[in-house]
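Here is a short report for a reader who is new to this structure. Start with the view below, then read on.

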Amino acid sequence: MILIPTLASTCAAWTPLSVIYDNDGSYVRYDIHERSAWMLLIEPEILLDSPIAYLRAGIGDTLAKWYEGNALVERLATKSVCIELAHIAARQCQEILLTHGEEALEDLKKGKWTDALKHVIETNIVTSGLVGGFGDQYLRIAGAHSIHNGMTSITQTHHLLHGEKVAYGILVQLLLEGKFSEIQHLLPLYKALKLPMTLSDIGLKIEDKAELQQIAAISVQEGEGIHLLFPDISQEKVTATMENLEILTNHASKSIN
C-alpha cells in the first residue's frame with residue numbers, strides 16, 4: 001500500500017493506527033495495525049492546494065506530541081534508546097512548529113512552497129509519526145487527547161477539526177499539571193494561528209455546565225490516556241480546570257498584542 005496524503009493535518013498516513021468515530025462524530029476507539037504503509041509519498045503540489053484549516057489543525061495535533069509525550073517520559077525512571085529517540089522527535093516537533101508555524105500558514109495562504117512550509121508539513125506527517133513509532137504507548141497520547149475525546153461528544157464543538165480540539169486539550173492538560181509558564185508561552189502562538197484557547201472558541205460558554213461536565217466525564221472514562229498522568233483524576237477536577245482555564249486565557253488574551 002502506497003499512501004499520498006492530501007492534507008498535512010495528522011501523521012495518519014505514516015502511522016499504523018486508525019481512529020474510529022461513530023456517525024455523530026463522537027470518538028469510539030483507536031486501532032493499532034500490525035504494519036504501516038509500504039511507502040509514503042509527499043507531493044508538494046497536492047499539499048499546496050490543501051485547505052489552510054487542516055494545516056492549522058495539524059500544528060495543534062502535532063504540538064501535543066511534545067506536551068503529552070514529555071509529560072509521560074517525565075514519569076519514567078529509565079528510558080530505552082527507542083524512547084529517547086521518540087523524546088527527541090517530540091521536542092523537534094515543538095521547536096519547528098513554534099519557530100515556523102505562523103510563517104508556514106502564511107506561505108500556504110499565498111500558495112508558496114517555502115522551507116518553512118516544508119518543515120511544518122514534514123513535521124506534521126513524518127516527525128510526529130516517529131514519536132509514536134519509536135515511543136509507542138510511552139509517548140503516544142495523554143491528557144490532551146482525552147479532552148479531545150470528551151469534546152467530540154458535544155455538538156457545539158463539531159465545527160472544530162481534530163487537531164483544534166487537541167490544541168485546546170493541551171492547555172487543559174498543562175493547567176492540570178500546574179505548568180502555567182508553558183501555557184503563557186503557548187498563548188501568543190495560539191492567538192496568531194487562531195487555535196482555540198477559550199470556551200467561546202470551542203462553541204461553549206462558562207454557563208454551559210452540563211456540556212463541560214459531559215466533556216469531563218468522557219475524558220476520564222476507564223482506559224483514557226489522561227489516567228497515565230493522573231491515575232485518580234475525577235470529572236469534577238477536569239470541569240474545574242476548564243473553568244479556571246477560561247479565566248486564565250481570557251485574562252491573558254487581553255495582554256497579547
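A residue counts as buried under 20% relative accessible area, as exposed over 50%, and as partly exposed in between (1.4 Å probe, protein chains only). This is a predicted model: local features need pLDDT of at least 70, side-chain atom pairs count only at pLDDT 80 or more, and totals for chains, interfaces and linings use all residues. Residues are numbered from 1 along each chain as its sequence is written, and side-chain values use heavy atoms, with hydrogens and water left out.

**Salt bridges**

A salt bridge is a side-chain nitrogen of Lys or Arg within 4 Å of a carboxyl oxygen of Asp or Glu. Side chains of opposite charge can pair when their charged atoms come close. The whole structure has seven salt bridges. Three of them are listed here.

| Pair | Closest N to O distance |
|---|---|
| Lys-109 and Glu-106 | 3.4 Å |
| Asp-136 and Arg-140 | 2.9 Å |

Take Asp-136 and Arg-140, which form a salt bridge. Asp-136 is partly exposed, at 35% relative accessibility. Arg-140 is buried, with a relative accessible area of 14%. Elsewhere, salt bridges that share partners join Glu-74, Glu-177 and Lys-179 into one network.

Helices here are DSSP runs of H or I with at least four residues, strands are runs of E with at least two, and both are numbered from the N terminus. Glu-74 is partly exposed, at 48% relative accessible area.

Lys-109 and Glu-106 also form a salt bridge. How far apart are these two in helix 3? They are three residues apart, so about one helical turn separates them. Lys-109 is exposed, at 55% relative accessibility. Glu-106 is partly exposed, at 35%.

**Cysteines**

How many disulfides does the structure hold? It holds zero. A disulfide is a pair of cysteine sulfur atoms within 2.5 Å. For Cys-11, the closest cysteine sulfur is in Cys-93, 8.7 Å away, which is too far for a bond. Cys-82 is in no disulfide either; its nearest cysteine sulfur, again that of Cys-93, is 17 Å away. Cys-11 is buried, at 11% relative accessible area. Cys-82 is partly exposed, at 39% relative accessibility.

**Around Thr-62**

Thr-62 lies in helix 2 (residues 52–73). Is this residue buried or exposed? Thr-62 is buried, at 1% relative accessibility. Contact means heavy atoms within 4.5 Å. Leaving aside neighbours within four places in sequence, Thr-62 is in contact with Cys-93, Leu-97, Thr-123, Asn-124 and Ser-128. With Asn-124, the side chain of Thr-62 makes a polar contact of 3.1 Å. A polar contact is a pair of N or O atoms within 3.5 Å; within protein, one must be able to donate a hydrogen and the other to accept it, and residues adjacent in sequence count only if both atoms are side-chain atoms.

**A surface residue**

Ile-4 lies in the loop between strand 1 (2–3) and strand 2 (17–21). Ile-4 is partly exposed, at 43% relative accessibility.
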